[in-house]
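These are my notebook entries on a two-chain model. I set down what I looked up, with the criteria used.

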Amino acid sequence: MHSAVKKTLRYLSSFALIVTLNFALPRFMPGDPVKNLIGEDVYVSEAVMEEIRTELGLNRPLIEQFSAYLQGLLRFDLGYSYHLHSPVSEVLQARIGWTLLLVGVSVVLGAILGILLGAYAGWKPETKLNRGIYCGFIAISCTPPYFLALLFLGIFAFKLGLFPFKGFYDTPTIGSVAYHLFLPVSVLALFSASRNFLVMRGSVIQEKEQLYALYARAKGLYDTSILFRHVVKNASLPIITLLALDFGFLFSGALFIEIVFSLNGMGTLIYDAIIGKDYPLLQGAFLVIALSVLLANIFADLLYAAVDPRVRRPA
Amino acid sequence: MKPLLEIEKLRVSFEGERPVNVLSGVSFSIQKGETLALVGESGCGKSVIAHAVMRLLPSEARVKGSVRFKGTELLELDEKRMSALRGNELAIIFQNPSHALNPVYSIGRQLAEPLRVHQKQGKPDPSQKVLKALKQVGFSRPEHYMKYYPSWCSGGMNQRFLIATSTILGPELLIADEPSKGLDPDRIKEVERELRAHPGAGKTALLLISHDLGFVRRLADKIAVMYSGEIVELAEAADFFEQPLHPYSLGLLGSLPENGFVPIPGSAPALSDPPSGCRFHPRCPYGEKRCLQEHPRLKDTKGRFVRCFLCP
């Protein structure tokens, strides 16, 4: 009970910090947002600029701006994008689904692949096959995902012509979504798998020397049944923590991959927003990403408690 | 009668920069239903015998000699056939029960595992047997404890879970490695009771490893005293406690509280560098000149075996 309260407090303070930073960061940036909005080549009189500033509330004291910002958040109002001419929340809503699909599928596939291969590689690390897989995954984990994406695009789409270059913009059907997402998901899943693989392999090498694994053998379990019935569950506990920590990292990787594959998600949205200096949109996107990483961590904490009885008490 | 377990000239060494001989030619046998206790100080190779019989030694161990179980040479059995024996006909209780149990699985699941591994599909629900086994080791609410995890339980409780798990199939040979270690006297009494009362206890032979002579005295039929990787005395328990022959055995009994708490001077030699001649000579109060040079053999004297020049 005590630790649950502590954890909740910790997450609440993280949440408060995220919201505050998200409010503060664009206001610390150099330049005048109004000038930025109008454009550098256009001449407007001081009076007009002051008028726009009042309209946007930028001439009010920071504390008033902050309270207005918080009130907006409570109504899911993330501001207005002057470049896309629509509320930020609507723009994000239309795009985030695709990114979450890409990241979600990749994280799940990467976890399964990394845990399975890592378990085998840690169980018998001396075999040639496992050593080869180990080297391969080290190479993948050292490669930036966007470079891997370019490589995949070059080989599978350009050279072999197996997959499309660009994302889908027509009405999506399951088939066309799978067709267009295959390469980006493969890249991100492989990248995620490589990180899980390395942790899982080391973890299995360590766990298989534990006394419970020897006792499992003494009970009559044979070879890989010791691995799967006893070692894997213990060894994958660090993976849960890693998945949560990695979620933000993979999310940022996904943004680059989306740009490479011209997918219609948050990546291209943020890219265009940075190029066009669309600060309300950037601010909204950052908030949503930060919150999803926070949620992933909460989820990992809950999962950990469900899997490891050592962090629970008897009923 | 043919013995259940026959160990002959068992030698175990660990490879490394300098190979270490941990067992140098150990021979003894256990009859069906008999209890043999291996006693001696820590580091004399008792646990290595247990692990060698179960074929659970790490890969850097080199094992020579012969271990026959019901006539089958265990050292030549492949891993698959060996695992069919383990937990079924041959079972072991490790020291350090809290680490031998898997932290992330429930007690009930871990207890049922030997049943699931060794019994064919289609048998009645194993939980009845598990409940019975838990009752037998003294849990009055077994259905409650089946849902527990090792980290929620004390070391004494985990010890009883371990005994229940290892004996659930009524093995023909049970090896208990220091089952009384770190327990208070009341708990030791309980362990004693459980080692006698588990299912099939009547026909189960017990290889008991302990340095607690009081505990051993109440359970064992035969005693084998080990010193520095070899047996120095092997005798019926009654004869041994009445009249120990080897100077080391005398020293061990003399160090018991009821016999005056007199410790044996010095400490056991490192297995990597055993003394020349009789391995006990640096600590022996009766040592002669030839004890320093010649290594004594295990002699048969009136039905008991002693490794000492001074014994008749």
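I looked up Asn196(A) and found it buried, at a relative accessible area of 1% (buried means under 20%, with a 1.4 Å probe and protein chains only). The model is predicted: local features need pLDDT of at least 70 and side-chain atom pairs pLDDT 80 or more, whereas totals for chains, interfaces and linings use all residues. Residues are numbered from 1 along each chain as written, chains are lettered from A and ligands numbered from 1 in written order, and side-chain values use heavy atoms, without hydrogens and water.

Beyond four places in sequence, its contacts (heavy atoms within 4.5 Å) include Gly110(A), Ile239(A) and Leu243(A).

I then turned to the interface. I noted 23 residues of chain A in contact with 34 residues of chain B. The two chains bury about 2600 Å² between them, 58% of it on carbon and sulfur atoms; this is the accessible area (1.4 Å probe) lost on being put together, summed over both. In chain A, Tyr215(A), Lys219(A) and Arg229(A) lose the most area to chain B, together 25% of what that side buries.

I found three salt bridges across this interface (a side-chain nitrogen of Lys or Arg within 4 Å of a carboxyl oxygen of Asp or Glu). Glu113(B) forms a salt bridge with Lys219(A), with the closest N and O atoms 3.0 Å apart. On the side of chain A that touches chain B, α9 (211–218) and α10 (224–235) are the elements giving two or more residues; α9(A) gives the most, with six.

Notes
Buried means under 20% relative accessible area, exposed over 50%, partly exposed in between (1.4 Å probe, protein chains only). Helices (H or I, at least four residues) and strands (E, at least two) are DSSP runs, numbered from the N terminus.
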